[in-house]
Amino acid sequence: MPQPMMQETMAMPTEQLINELQSFGVRLADPRTGGTSRRGGAGPSDHTPFTIDGATVMIPVHNAPAFESPYLVERPDEAGRSRISRDGVVLADVSFPLRPKFYDRTTEDGIPYWKIATLHGRDVLATTVLQTCIRYQSRTKTCQFCAIGQSLAAGRTVERKTPAQLAEVARVAVELDSVRHMVMTTGTPHTSDRGAAILAESAQAVKAAVDLPIQAQCEPPDDFAWFERMKSSGVDALGMHLEVIGPAVRQRIMPGKAQVQVEQYMDAFEAAVPVFGRGQVSTYILAGLGDEPSEIIALSQRLIDLGVYPFVVPFVPIAGTPLESHPTPSAAFMHDILRPLAEMLRAGGLRATDIKAGCGKCGACSALSTYERGASA
């Protein structure tokens, strides 16, 4: 068990420490620590959430860098409290979310709730509605960082979550665990709507069951009329994720998705913002895969001018993917992006706290929201 909690003795600013932890990962003194950690799947994988200085962040614990990390987290007490140290020096108190109560339930058709949706960060319910993708099985098309098929192959999820299942789990997660918003993502299906249709029907079912803000995430649909349809179904915020931005990097990292060019995304963003509102459309950008900080900052300014929130996160390798040995970006690399980006967001009137639902609002995969607080001080 950990020693009695010491007064916070953080040796570096919070945003710097978060950058360091997301770059190096952490070693767990007790591998059972982190009741909401997950391996494989879509979104942040091989991570576990913990709270440090009031910020809940997703930190790698199951990938190769984490196993050799200089940062160590002690075994937490029964309340989930622990400490993080480096070279024997305690840096900060941390706490882990306890296992969600809704994880112990099963659907009416006998499927464990945690196979339908999982807790991300501190209070976000997340699900991949369709756990397959038209590009995942092709070596010439697959996104090199993606692990969407891993959790399905391991039996940790189901291929297609029905609207009724999602509504049931969402209602109970709100009641038992005070979930505050929901993220619905999807693999890309063989349809021109790029998954917008199944997201819309899922959101409609959830909203009929519980008043929960929802972000839906998909590629730009061929018909931008889907934005109005998604909004009317109950989707509050929309994510369309670029991941990487330079043409050569996109072709190398995600050869299939690279066929949807950045300018096509920009057209979709321009059409979506009037529907969902300024700041309620966002994109996920993975830093450290080949795009220079100046490129990320320049495109982020274009996005902010459109009213799109650029959620820039450090790339974290996932075991079993083609990029499992790719290095994570350094803390200094992320600082050079996130510090000016936070100022740009402030100047553009966009704030993570104003987003109704989704990754940007949660903020756990990046130190960006911590920089935002500093920029607004």
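Seven strands form an open sheet of mixed pairing, in the order S7-S8-S9-S10-S11-S12-S13. Its edge strands are S7 (118-120) and S13 (308-314), each of which pairs on one side only. Neighbouring strands of this sheet are turned by 30 degrees against each other on average, direction ignored. The model described here is predicted.

- Strand S10 (residues 214-217) and strand S11 run parallel and are joined by three bridges.
- Within this part of the sheet, Gln215 stands opposite Ala237 in S11.
- Helix H5 packs on the sheet, where it touches S9 and S10. The direction of H5 makes about 155 degrees with that of S9.
- Strands of a sheet pair through backbone hydrogen bonds, either parallel or antiparallel.

**The S2-S3 hairpin**

- Strand S2 (residues 47-52) and strand S3 (residues 55-60) pair in the antiparallel sense over six bridges. His47 stands opposite Pro60 in S3.
- The two strands form a hairpin with two residues between them. In the turn, Asp53 has a positive phi of about 55 degrees.
- S2 is mostly covered, with six of its six residues buried.
- In a regular strand the side chains alternate between the two faces of the sheet.
- In S2 both faces are covered: one side carries His47, Pro49 and Thr51, the other carries Thr48, Phe50 and Ile52, and all of these are buried.

**Helix H1**

- Helix H1 (residues 14-24) is largely enclosed by the rest of the structure, because eight of its eleven residues are buried.
- The buried residues of H1 are Thr14, Leu17, Ile18, Asn19, Glu20, Leu21, Gln22 and Ser23.
- Just after H1, Gly25 takes a positive phi of about 75 degrees.

**The largest nonpolar core**

- The largest nonpolar core has 107 residues, of which Val26, Phe50, Ile84 and Met230 touch the most other members.
- Helix H8 (residues 262-276) gives the most to this core, contributing nine residues.
- Phe50, from strand S2, has contacts that include Leu21 and Val26. Leaving aside residues up to four places away in sequence, Phe50 also touches Ala55, Thr56, Val57, Ile59, Ile84, Val94, Ser95, Phe96 and Pro97.

**Glu243**

- Glu243 is placed in the loop between strand S11 (237-239) and helix H7 (247-253).
- The relative accessible area of Glu243 is 10%, so this residue counts as buried, the cut-off being under 20%.
- The side chains of Glu243 and Lys257 are joined by a polar contact of 2.4 Å.
- Not counting residues up to four places away in sequence, Glu243 touches Phe145, Met254, Lys257, Tyr284, Ile285 and Leu286.

**Ser192**

- Ser192 belongs to the loop between strand S9 (181-185) and helix H5 (196-209).
- With a relative accessible area of 45%, Ser192 is partly exposed, because that value falls between the limits of 20% for buried and 50% for exposed.
- Ser192 and Pro221 lie 29 residues apart in sequence, and their C-alpha atoms are 6.1 Å apart in space.
- Leaving aside neighbours within four places in sequence, Ser192 is in contact with Pro221 and Asp222.

Notes:
Residues numbered from 1 in each chain as written. Predicted model: local features only at pLDDT ≥ 70, side-chain atom pairs only at ≥ 80, totals over all residues. Heavy atoms only, no water. Buried < 20%, exposed > 50% of the residue type's maximum accessible area, 1.4 Å probe, protein only. Helix = DSSP H or I, 4+ residues; strand = E, 2+ residues; numbered from the N terminus. Pairing = 2+ DSSP bridges. Contact = heavy atoms within 4.5 Å. Polar contact = N/O pair within 3.5 Å; in protein donor to acceptor, adjacent residues only side chain to side chain. Axes fitted to C-alpha atoms, helices over the stretch in contact; angles between N-to-C directions. Core = buried A, V, L, I, M, F, W, Y, C linked by side-chain atoms within 4.5 Å.
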